[in-house]
Amino acid sequence: MPIPEDVTGDEIDKDVRQELQSLPKTLAEDVAKNLVMVARLIDEDPEGAYGYSKVALRLASRVAAVREAAGFAAYATQKYSEALAEFRAARRMTGTVELWPLMADCERGLGRPEKALDMAGASEVHKLDKAGQVEMRLVAAGARRDMGQLDAAIVTLQSPELASNSVQPWTARLRYAYADALLAAGREREAREWFAKAVEADRDGSTDASDRLAELDGVEFVDALAEDAADEPGEADEPGEAAGSGEAAGSADASPEDGDKH
């Protein structure tokens, strides 16, 4: 696959670069460039990222960072069986537990929420850092919702991290998941309160909490430019053209899923 001229391979993380030192120099450079493309595309063009990950995997399947990148790319394209296999391979190579929540979420994606819950209660969870434990809680709550256990999902999300006033990288997603679960259970007043708290913590726009909050408040956003154009005299919509107004309402999912898959 084509590699843009501005990609040198030096952009990759230092630890990954060290892993690639086990490869011949030219091969290591090629693998690094493909890994850079995976990271660059995975959010906006997951299928493209997946394509580059397959190239890297073909070149260096025995490098843990490559298997992990392939897992993330497969996960982003909802190829959960493939993602799970790659995450397992990376874990065998490194011996770490960092990928445990993602592996559990893959089980959810494969329609096995009970397996995800088993993983949420495994000893590996105690070895995760705080961020990993919060991710595991989100996955477990999502598994409960998969099984129609809304009240249990709500209880699963109730934690010191949820109650804390401190804003951490996971705070917005945790509050969003809790709000979404409350709304699904018909507890609209509480849901509105927690969507508002999610908005306060969502400094980088990682969720659509503001849209969900506006939706609950009955606020409808209209395209002002389209309205002005429609009001100008002597102008009418061409056949087949829309009037140009619309609501800015987000989807019910946040990232894994903030109660659902990540």
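Mentor: Helices (H or I, at least four residues) and strands (E, at least two) are DSSP runs, numbered from the N terminus. Along the sequence, the protein reads α-α-α-α-α-α-α-α-α-α-α-α-α-α, with 14 helices and zero strands. This is a predicted model, in which local features need pLDDT of at least 70 and side-chain atom pairs count only at pLDDT 80 or more, while totals for chains, interfaces and linings use all residues. Residues are numbered from 1 along each chain as its sequence is written, and side-chain values use heavy atoms, leaving out hydrogens and water.

Trainee: Why are α11 and α13 called roughly parallel?
Mentor: Helix α11 (residues 171-184) and helix α13 (residues 209-216) pack at an angle of about 30 degrees, their axes 11 Å apart. Angles under 35 degrees count as roughly parallel, so α11 and α13 are roughly parallel to each other. Contact, meaning heavy atoms within 4.5 Å, is made by Y176, D180 and L183 of α11 and A209, R212 and L216 of α13.

Trainee: What makes Q78 exposed or buried?
Mentor: Exposed means over 50% relative accessible area and buried under 20%, with partly exposed in between (1.4 Å probe, protein chains only). Q78 has 58%, so Q78 is exposed. Q78 lies in the loop between α4 (64-76) and α5 (80-94).

Trainee: What is the phi of Q78?
Mentor: Near 60 degrees, a positive value in a residue other than glycine. Most residues other than glycine have a negative phi.

Trainee: How much of the protein is buried?
Mentor: Buried residues make up 44% of the 262 residues.

Definitions and conventions: Axes fitted to C-alpha atoms, helices over the stretch in contact; angles between N-to-C directions. Parallel < 35°, antiparallel > 145°, perpendicular 65-115°, else oblique.
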